[in-house]
Every structure is written in structure tokens, then in C-alpha cells.
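Here is a short report for someone meeting this structure for the first time. Keep the sequence and the 3D view open while reading.

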Amino acid sequence: MPSYELCLLFKVLPRPEIAQCLKRTASKIFESGGFIRRIDNLGTADTPWRISSHDAIHKQASYFIVEFDAPSSSLDPFNNYLARDIDVIKRTIYKVPENTPQPACTLHEELKPPAYRSEVKEMIAIGKRKREKEARKKVQFNTGLDYMPFQR
């Protein structure tokens with residue numbers, strides 16, 4: 001089963017009612033044959049813009065992120081269920097990419113002073129090459145004089 005991430009915005013409600021909304025959402029995921037990996041509560045905050053949902057305009061919302069695995073065939077009915085839920089202001093389902101490689105830990109490299117880091121040395125070399133290239137583009141007067149006679 002593929003992994004998904006559901007971003008939910010609920011109406012600003014008291015805690016028991018928010019818990020009921022999350023239970024309804026979780027039970028729908030379980031009914032569709034999925035399972036929940038994690039639920040994150042991001043708190044209540046102002047929305048970036050006014051959101052109109054179910055004939056009401058909302059300026060604040062309770063933000064939640066639900067990570068779950070479910071069959072891909074069950075997403076459309078689940079999304080339709082969330083669209084009909086009057087407590088859900090906005091919902092978005094993202095597919096989590098599989099087998100994302102973890103970047104290698106470079107803490108030992110980052111703890112070095114900047115002059116000794118390989119990335120900084122590469123940037124300095126790039127800067128030197130760029131300066132040399134710009135120096136070659138400047139006009140060089142081949143007069144043989146050590147000074148410019150017409151400049152002060």
C-alpha cells in the first residue's frame with residue numbers, strides 16, 4: 001500500500017469536538033483498509049487567506065497532518081467523505097514518495113572551520129576561475145608604455 005499524507009484544516013472547535021472529528025477521519029481510513037502511521041497537531045492558527053467552506057467564511061483553523069497507508073482505490077471515496085464533513089474546512093492528500101534516499105551525515109565536515117571545509121574550498125576555486133575569466137575579458141593596451149599618456 002502506498003503512503004499518503006493528509007493535511008486537514010478543521011473549524012476552530014473545543015478539544016472534545018476536534019477529537020471527535022479526528023476519530024471520524026481515522027475510522028474512515030480504517031474502514032477503507034488503511035492504517036495510520038502518525039497524527040500531528042500543528043495547533044490553531046490564522047489561515048493565510050479567508051477560506052469559504054460549507055457556506056461559512058473561516059479566518060482561523062486547527063491544523064492537523066495525518067500520515068497513513070491505504071489502497072489507492074479508496075482515496076476517491078475518502079476524499080468525497082471529507083468534502084461532505086462540515087467540520088473540515090480544507091483537505092489535501094499528498095502521496096509520499098517511496099525509497100527517498102537519506103542524505104549522508106556530514107556533521108564532522110560541518111564542525112570544521114570554514115577554511116578547511118571541502119564545500120568552501122570548491123566555492124573559492126569557482127570564484128578564482130570566475131575572476132580569472134573576467135580579467136581575460138578586460139582590454140589590455142599594448143602600447144609598450146608603463147603609463148597611460150592621456151589619463152590624469
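This is a predicted model: local features need pLDDT of at least 70, side-chain atom pairs count only at pLDDT 80 or more; totals for chains, interfaces and linings use all residues.

## How the strands pair

Strand β2 covers residues 35–53, and strand β3 covers residues 56–69. They run antiparallel and are joined by 13 bridges. Two positions show how the pairing lines up. I51 stands opposite H58 in β3. N41 stands opposite F64, also in β3.

Strand β3 has another partner in β1. These two strands run antiparallel, with 8 bridges between them. Within this pair, C7 has I65 in β3 as its bridge partner. In general, the side chains of a regular strand alternate between the two faces of the sheet.

## The turn between β2 and β3

What lies between the strands of the β2 and β3 hairpin? There are 2 residues between them. H54 lies in this loop between β2 and β3, and D55 is found in the loop as well.

Most residues other than glycine have a negative phi. H54 has a positive phi near 55°, although the residue is not glycine. D55 also has a positive phi, near 60°, and is likewise a residue other than glycine.

## Two helices side by side

Two packed helices are described by the angle between their axes and the distance between the axes. Helix α1 runs over residues 15–31, and helix α2 over residues 75–84. They pack at an angle of about 160°, with their axes 10 Å apart. An angle over 145 degrees counts as roughly antiparallel, so α1 and α2 are roughly antiparallel to each other. In passing α2, α1 makes a right-handed crossing.

Which residues of α1 and α2 meet? From α1 come R24, T25, K28 and I29. From α2 come F78, Y81 and L82. The residues of this contact divide into 4 nonpolar, 1 polar and 2 charged.

## From α2 into β4

D87 is found in the loop between α2 and β4. Its relative accessibility is 14%, and buried means under 20%, so D87 counts as buried. Leaving aside neighbours within four places in sequence, D87 is in contact with L9, F10, K11, L13, C21 and R24. R24 is also one of the α1 residues that meet α2.

V88 has its place in strand β4. With a relative accessible area of 2%, V88 is buried. Not counting residues up to four places away in sequence, V88 touches L8, L9, F10, S53, H54 and L82. V88 and I18 are 70 residues apart in sequence, and their C-alpha atoms are 10 Å apart in space.

## Out in α4

Where is I124? I124 has its place in helix α4, which covers residues 118–137. Its relative accessible area is 44%, so I124 is partly exposed. I124 and A56 are 68 residues apart in sequence. In space, they are 57 Å apart, C-alpha to C-alpha.

Notes:
Residues are numbered from 1 along each chain as its sequence is written. Side-chain values use heavy atoms; hydrogens and water are left out. Two strands pair if DSSP finds at least two bridges between them. Helices (H or I, at least four residues) and strands (E, at least two) are DSSP runs, numbered from the N terminus. Axes are lines fitted to C-alpha atoms, for helices over the stretch in contact, and angles run from 0 to 180 degrees between N-to-C directions. Angles under 35 degrees count as roughly parallel, over 145 as roughly antiparallel, 65 to 115 as roughly perpendicular and the rest as oblique. A crossing is left-handed if the near helix is turned anticlockwise from the far one by less than a right angle, and right-handed if clockwise. Contact means heavy atoms within 4.5 Å. Ala, Val, Leu, Ile, Met, Phe, Trp, Tyr, Cys and Pro count as nonpolar, Asp, Glu, Lys and Arg as charged, and the others, Gly among them, as polar. Buried means under 20% relative accessible area, exposed over 50%, partly exposed in between (1.4 Å probe, protein chains only).
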